[in-house]
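Please look over the structure shown here and work through the exercises that follow it.

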Amino acid sequence: MSSRSTEEEPADSTSTSGGGSVPDAATTPEATAGTSTPVTSRSGTSAAGARPAGALRAGRSGSGGAEALLRFQSLFGLGLVFLASVVFSPRGDDGEIIFLTSENLFNLVRAISEIGIIAIGLTFVILVGGIDLSVGSLLGLAAVGSAVLLTEDNFGMLAAVTVVLLAGLVFGLLQGLAVALLRVQAFIVTLAGLQIARGLARLWSGGETVPITYGPGAGQAPLSFSLLGERTLDGIVPVPALIFAVLAVLAVVFLRGSAFSRHLYAIGGNERAARTSGVPVNRVKIIAFGICGLCAALAGIVHAGQLNTGSPNAGISYELDGIAAVVVGGTSLAGGRGSMMGTIAGALLLGVLNNILALNTVDTDLQLVIKGLVIVAAAAAQRLWPSR
């Protein structure tokens, strides 16, 4: 950066990160008190000082395109993958583009509903600079719990769903407590949580897949639970897709308009400054992990309802797909930058990619390679064009 000129623009009290405003709570005491010691932000600029006006204008004009590309990388990527899918889609006997058929598109959304729900929960954790590797195993535990409670313990649908959701919430809160209060790295805590949840699922099910059958008698689940595997709106829209859509809307609204969301960004951007400024860092982290556990449990319920089984092996590698959706969506694994809309677009992008590869009968091993390259490209875009 060039040296400070005699005429400077006043420092902006709400400097941006990733296109959004940094919350007031993240303002450092040094900046607010006007002390001489500048606080350096992630972008390398002084939080207490200002850039020269000429340099500021030059920076904005020279990097605007790159910043826009980074901020909306998931939407651009989704559009490109969607167009490529239309071009390379197999055709039916009548020349119809199979990818664009309503049946295929709704199956696509149904297929990504579970990963999408998990990715929404992971976004909260990753925004504070954490990670949660246990979500796939927790999905399996929730699926087993749903099946056992409904078929073996004769729970009603509402009671079973409530118990499973509370179990996921408590599991996430406990992991958050270990991270926030015991100061154990989230990677280690959730790696242990991955093993614990998978072990609990196998103990609860006796190591066997628990089938879900429906009917009024003992040992059968209530018919209302079967709605998770059905379609609504004249038999067109899968119910799991509706659940994903409703949760996505709620998450977007919550992350844009709540004080809690501003605390998430503040902690991810600079935890020390956020703590000094009065942000309840530990409480926010614990709640973020709790939300993530709750979403994983909801995905497990949806999984059990779609497949009519509760398998202790369900959800293997789902944590990787969920994290991939968040990263492709533009959320930084370092925390403090990202959006829920980006995560949703990232989940859709990966779903479209999976769908078109399957339609073209691409070898499953090659599919893994292609998806891996897409993830690396998304992460590289964040590294090469960091937000200013």
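Two exercises with step-by-step solutions follow. The model is predicted, so local features need pLDDT of at least 70 and side-chain atom pairs count only at pLDDT 80 or more, while totals for chains, interfaces and linings use all residues. Residues are numbered from 1 along each chain as its sequence is written, and side-chain values use heavy atoms, with hydrogens and water left out.

**Exercise 1.** Find which residues of the largest nonpolar core touch the most other members.

Solution. A nonpolar core is a set of buried Ala, Val, Leu, Ile, Met, Phe, Trp, Tyr and Cys residues joined through side-chain atoms within 4.5 Å, where buried means under 20% relative accessible area, exposed over 50%, and partly exposed in between (1.4 Å probe, protein chains only). The largest such core has 90 residues, and those that touch the most other members are Ile120, Leu122, Phe124, Phe225, Leu264 and Met340. Helix H11 (residues 281-307) gives the most to this core, with 12 residues; helices (H or I, at least four residues) and strands (E, at least two) are DSSP runs, numbered from the N terminus.

**Exercise 2.** Locate Asn308 and Thr361, and state the phi of Asn308 and of Thr361.

Solution. Begin with Asn308, which sits in the loop between H11 and strand E6 (309-310) and has a phi near 55°, a positive value in a residue other than glycine. Asn308 is partly exposed, with a relative accessible area of 30%. Thr361 is exposed, with a relative accessible area of 68%.
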